Amino acid sequence: HPPFARLPAEFEKYAYDGKEQALYNLFYYSDWALGEFMDKARQQPWFDNTIFILTADHVYAGQQGDVRESFHIPLVIYAPKLIKPSVNPHLYSQLDILPTLIDLMGIDVGFSAFGESVFKKTTQEAIANQGGIGVIFTDKAYLKHTWHQRLEAQGDPTTLDTLEQRLKSIAQVTVKLLHDNTWAKD
């Protein structure tokens, strides 16, 4: 987040400007720090059975693009002894992380989640929240909603009506479960 901190000289690959160049320096430092961490982790006895999840909580505020780009964040699942490297271009959201971890750990019990494991996902759908605005994406459409009214949408009108109903129902169930403190039961 701005203001971007000034780093020690060895991490300043670009002239510090407090803005974009400083951000690139932070990327350089972050790559270095993650590499150092992974080098040390590889030497630990727990490394072979560890799942590393690398993601972001939001995009860079200065990022330009359409609505989809404003929610496009990385998701890296690194477990070299457990899964083979691959790139998956499908739509996912942070809601899919918990089911993915449960799947990777081989836990075979019932659990509550709106997402699906990225290894078993059957829908091309991602759900996001931006303050009081819900967003639902598919590979062919997207919809932004305040829970009271549609703000923005793109796609076939019939598909948009279905997406709107799905987004509103997810919001309603979430609020009810949280309000009643019944998200999970023993």
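Buried means under 20% relative accessible area, exposed means over 50%, and partly exposed lies in between (1.4 Å probe, protein chains only). The model is predicted, so local features need pLDDT of at least 70 and side-chain atom pairs count only at pLDDT 80 or more, while totals for chains, interfaces and linings use all residues. Residues are numbered from 1 along each chain as its sequence is written, and side-chain values use heavy atoms, with hydrogens and water left out. Helices (H or I, at least four residues) and strands (E, at least two) are DSSP runs, numbered from the N terminus.

**The sheet**

- Four strands make an open sheet in the order β3-β4-β5-β6, with antiparallel pairing; two strands pair if DSSP finds at least two bridges between them.
- At the edges are β3 (125-130) and β6 (150-154), each of which pairs on one side only.
- From one strand to the next, the twist averages 10 degrees; axes are lines fitted to C-alpha atoms, for helices over the stretch in contact, and angles run from 0 to 180 degrees between N-to-C directions.
- β3 and β4 pair in the antiparallel sense over 6 bridges, and I127 stands opposite I136 in β4.
- These two strands, β3 and β4, form a hairpin with 2 residues between them, and G131 in the turn has a positive phi of about 65 degrees.
- On to the next pair: β4 and strand β5 (residues 142-145) pair in the antiparallel sense over 4 bridges, and they form a hairpin with 3 residues between them.
- In this pairing, F137 stands opposite Y142 in β5.

- A nonpolar core is a set of buried Ala, Val, Leu, Ile, Met, Phe, Trp, Tyr and Cys residues joined through side-chain atoms within 4.5 Å.
- The largest nonpolar core has 8 residues in all: I127, I136, A141, L143, L160, L163, L167 and I170.
- Helix α3 (residues 157-180) gives the most to this core, with 4 residues.
- Another core, of 7 residues, lies apart from it and has F71, A128, V135 and F137 among its residues.
- Leaving aside neighbours within four places in sequence, I136 is in contact (heavy atoms within 4.5 Å) with E125, A126, I127, A141, Y142, L143, L163, R166 and L167.
- α3 lies across β3, β4, β5 and β6, running at about 45 degrees to β5.
- Buried in α3 are L160, L163, E164, L167, I170 and A171, and what covers them includes β3, β4, β5 and β6.
- The 24 residues of α3 should span 34 Å at 1.5 Å a residue, and its end C-alpha atoms are 35 Å apart, which agrees; the expected span of a helix is 1.5 Å times one less than its number of residues.

**Helix α1**

- α1 has 23 residues and reaches 33 Å from its first C-alpha to its last, close to the 33 Å expected at 1.5 Å a residue.
- The buried residues of α1 are A22, L23, N25, M38 and A41, and what covers them includes β1 and β2.

**Aromatic rings**

- Rings of Phe, Tyr and Trp (its six-membered ring) pair if their centres lie within 6.5 Å; planes under 30 degrees apart count as stacked, over 60 as edge-to-face and the rest as tilted.
- Searching the whole structure finds 12 aromatic pairs.
- The rings of F37 and F52 have centres 6.1 Å apart and planes at 85 degrees, so this pair is edge-to-face.
- This pair links distant parts of the chain, with F37 in helix α1 (residues 20-42) and F52 in strand β1 (residues 52-55), 15 residues apart.
- F37 counts as partly exposed at 44% relative accessibility, whereas F52 counts as buried at 9%.
- F71 and F137 have ring centres 5.6 Å apart and planes at 65 degrees, so they too are edge-to-face.
- Here F71 is in the loop between β1 and β2 (75-78) and F137 in strand β4 (residues 133-138), 66 residues apart, so the pair links distant parts of the chain.
- Both F71 and F137 are buried.
- F11, Y28, Y29 and W32 form one aromatic cluster.
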